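Please open the model in a viewer and keep the sequence panel at hand.

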Amino acid sequence: MANKVDVRIIRSKESLISALVSLLKNRSIEELTISELCEKADVNRNTFYSHYSDINDLFDELKGKYMENFIIQMKNNQEEGRSKKESFTSILETIKINRETSSVILHSSDGCQFLKTLFSLSFQQYSSSTDKSYTNYEVAFVNGGISNIIMEWENRGYAETPQVISEKIMEILARFL
């Protein structure tokens, strides 16, 4: 018989993640306490500790799930034969649709690294479908640039559409690659 996941566990974890995102909109992770997180999530501390060792552990799970969604999305984009621009646009649409979670992750101490990892995976996917090979420095340069564009877009409140940002990225990439 397959392992059946308890719906209460799923609900508790979702509630904790939702509460974490809500609290991190106005405060840093270092300022949060497990008590206030549990109160906001309407779960008790024992429930929290049965799944996580501390708030950073919960935040790592949030980032992991978020990254996992992007990896699935990139794989689907590749399987559907989407162009680079279409793939970037779909990633940017996901970032904008999930703006609260995106902003919380991007403003964390490792937000820029999160983006660099995300776009490094995307770049690897793109470069594996071409005959070109790139040095580590070129990849670092491109990833840093894309990450900074996304951070600037987020700082401006996602004012431009994902399509406009994708076009800007593609224009810049075309000049260098």
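Which residues make a nonpolar surface patch of about 310 Å²? Select Phe141, Ile172 and Phe176, which together form that patch. Patches consist of residues with over 30% relative accessible area and no salt bridge, like charges being joined within 9 Å and nonpolar side chains (Val, Leu, Ile, Met, Phe, Trp, Tyr) within 5 Å. Accessible areas come from the Shrake-Rupley method with a 1.4 Å probe, and for residues only the protein chains shown count as cover.

This is a predicted model, in which local features need pLDDT of at least 70 and side-chain atom pairs count only at pLDDT 80 or more, while totals for chains, interfaces and linings use all residues. Residues are numbered from 1 along each chain as its sequence is written, and side-chain values use heavy atoms, with hydrogens and water left out.

Phe176 counts as exposed because its relative accessibility is 52%, where exposed means over 50%, buried under 20% and partly exposed in between (1.4 Å probe, protein chains only).

Next, display helix α8 (residues 136-155) beside α9: the two pack at an angle of about 155 degrees, with their axes 11 Å apart. That angle makes α8 roughly antiparallel to α9. Axes are lines fitted to C-alpha atoms, for helices over the stretch in contact, and angles run from 0 to 180 degrees between N-to-C directions. Angles under 35 degrees count as roughly parallel, over 145 as roughly antiparallel, 65 to 115 as roughly perpendicular and the rest as oblique. The crossing of α8 and α9 is right-handed; this term applies if the near helix is turned clockwise from the far one by less than a right angle, and left-handed applies if anticlockwise.

**Salt bridges**

How many salt bridges does a search of the whole structure find? The search finds 11, each being a side-chain nitrogen of Lys or Arg within 4 Å of a carboxyl oxygen of Asp or Glu.

Select Glu167 and Lys85, whose side chains meet in one of these salt bridges at 3.3 Å, N to O. This pair links distant parts of the chain, as Glu167 lies in helix α9 and Lys85 in helix α5 (residues 84-97), 82 residues apart. Glu167 is partly exposed at 34%, and Lys85 is partly exposed at 35%.

Move to Lys13 and Glu61, which form a salt bridge with the closest N and O atoms 3.8 Å apart. Here too the pair links distant parts of the chain: Lys13 is in helix α1 (residues 7-24) and Glu61 in helix α4 (residues 55-79), 48 residues apart.

Remain on α4 and select Asp60 and Lys63, three residues apart, about one turn of the helix. The closest N and O atoms of their salt bridge are 3.4 Å apart. Asp60 is partly exposed at 43%, whereas Lys63 is buried at 11%.

**Helices α4 and α6**

Finally, show helix α6 (residues 99-106), which packs against α4 at an angle of about 120 degrees, the axes being 11 Å apart. The two helices α4 and α6 are therefore oblique to each other, and their crossing is left-handed. Helix α6 is mostly covered, with six of its eight residues buried; to view them, select Thr101, Ser102, Ser103, Val104, Ile105 and Leu106.

How values were computed:
Helix = DSSP H or I, 4+ residues; strand = E, 2+ residues; numbered from the N terminus.
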